[in-house]
Amino acid sequence: MVPPLVLDIDGTLTDAQGRLDPRVFEVLPSWDAPVVLATGKAFPYPVSLCHYLGLPQTVIAENGGVVLVDGEVTFAGNREAAQAVADEFVSRGGTLGWDAADTVNRWRETEIAVSLDADEALLRDVASAFDLEVIDTGFAYHVKSHGVEKGVGLEHVCETMDYDPADFVAVGDSENDASTFRVVGQSYAVANADDVAKEAADEVLEQSYMDGTLSVLESLQKS
Ligand SMILES: O=C(O)COP(=O)(O)O
Ligand SMILES: [Mg+2]
């Protein structure tokens, strides 16, 4: 019997260009246990991925700020405070780095994401003045409340689904996956992962991106 999964998206189910690896469609729809998508992306992204994979919508978005399980959504974090950081950052000469439509933040409800091109030192300075933190996922800087984490989101998912987080296997690639790695039974960092994720993982994989993730999923199916 395969274990339940909690999977990061960017850097874990994608290629180096951030494109979804089509092999997710070969393995996830038929996974014979719950699959939780846990991402820093705004809520619509993992919801639509579940939709198009034909999976139940069990989702941790915005680094734990938004959790959907069993048809109910819960929120953690402070979007207004994050917006105040963004506004102050811009008024001090920073740029968020997105176009006018800003589909990165448009549906974001509990935090703000800023392009990696932005002035990191200034962003961190402003965020700490508002008692918020900045995490670097390798895809964006996220301005978020302390204590809002994917791992906390997974604990909430597990309470609702009557699972133990220790039953789960996790795969991820960055700082925002470390909290997940701490609560699950077995955790893997893909080879392209950052140092924080590699340090937190039980095992660092030899292969990168979906090659690494697939190696875990295939070995779980065989065991
Ligand atoms: O959106 C990001 O910055 C990272 O997203 P991820 O958590 O799915 O890797
Ligand atoms: Mg990632």
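Reader: To begin, is Asp 8 buried or exposed?
Author: Asp 8 is buried, because 28 other C-beta atoms lie within 10 Å. A residue is called buried if 20 or more other C-beta atoms lie within 10 Å of its own, exposed if 12 or fewer, and partly exposed in between, with C-beta atoms placed from the backbone. Please note that this is a predicted model, in which local features need pLDDT of at least 70 and side-chain atom pairs count only at pLDDT 80 or more, while totals for chains, interfaces and linings use all residues. Residues are numbered from 1 along each chain as its sequence is written, and chains are lettered from A and ligands numbered from 1 in the order in which they are written.

Reader: Where is the place of Asp 8, and what does Asp 8 touch?
Author: Asp 8 sits in the loop between β1 (5-7) and α1 (24-27). Helices (H or I, at least four residues) and strands (E, at least two) are DSSP runs, numbered from the N terminus. Leaving out residues up to four places away in sequence, Asp 8 touches Ala 38, Thr 39, Val 171, Gly 172, Asp 173 and Asp 177. Two residues are in contact if their C-beta atoms, placed from the backbone, lie within 7 Å.

Reader: Which residues does UniProt place under "binding site" together with Asp 8?
Author: The unreviewed UniProt entry gives that feature at Asp 8, Asp 10, Asp 173 and Asp 177. These residues are spread over 170 residues of sequence yet cluster in space, the largest C-alpha distance being 10.9 Å. UniProt positions are given in the numbering used here, feature names are shortened, and annotations may be inferred rather than shown by experiment.

Reader: What about Asp 177: where is its place, and what does it touch?
Author: Asp 177 is in the loop between β9 (169-172) and α6 (178-183). Asp 177 counts as buried because it has 35 C-beta neighbours inside 10 Å. Apart from residues up to four places away in sequence, Asp 177 touches Asp 8, Lys 150, Ala 170, Gly 172 and Ala 197.

Reader: Which helix holds Lys 150?
Author: Lys 150 is found in helix α5 (residues 150-161). The unreviewed UniProt entry also has a "binding site" annotation that covers Lys 150. With 29 other C-beta atoms within 10 Å, Lys 150 is buried. Beyond four places in sequence, its contacts include Ala 38, Ile 60, Asn 176 and Asp 177.

Reader: A change of topic: how is the protein divided into domains?
Author: There are domain 1 (5-75 + 148-222) and domain 2 (79-144); such bounds come from an automatic or database domain assignment. Taken over C-alpha atoms, the centres of domain 1 and domain 2 are separated by 24 Å. Their contact takes 18 residues from domain 1 and 13 residues from domain 2.

Reader: Which residues are around ligand 1?
Author: Among them are Asp 8, Asp 10, Lys 41, Thr 137, Phe 139 and Asn 176. A residue is near a molecule if its C-beta atom, placed from the backbone, lies within 6 Å of it. The shell around ligand 1 draws at least three residues from each of domain 1 and domain 2. By class, that shell has three nonpolar, six polar and three charged residues. Here Ala, Val, Leu, Ile, Met, Phe, Trp, Tyr, Cys and Pro count as nonpolar, Asp, Glu, Lys and Arg as charged, and the others, Gly among them, as polar.

Reader: How many residues has the largest nonpolar core?
Author: It has 44 residues, and those with the most contacts inside it are Val 6, Leu 7, Val 36, Ile 60, Leu 154 and Ala 170. A second, separate core of 17 residues includes Val 85, Ala 113, Val 114 and Val 143. A nonpolar core is a set of buried Ala, Val, Leu, Ile, Met, Phe, Trp, Tyr and Cys residues joined through C-beta atoms within 7 Å.

Reader: In which strand does Ala 113 lie?
Author: Ala 113 lies in strand β6 (residues 112-114). Ala 113 counts as buried because it has 26 C-beta neighbours inside 10 Å.

Reader: Finally, is Asp 70 buried or exposed?
Author: Asp 70 is exposed, because it has 10 other C-beta atoms within 10 Å. Asp 70 is in the loop between β4 (66-69) and β5 (72-75), and its phi is near 55 degrees, a positive value in a residue other than glycine.
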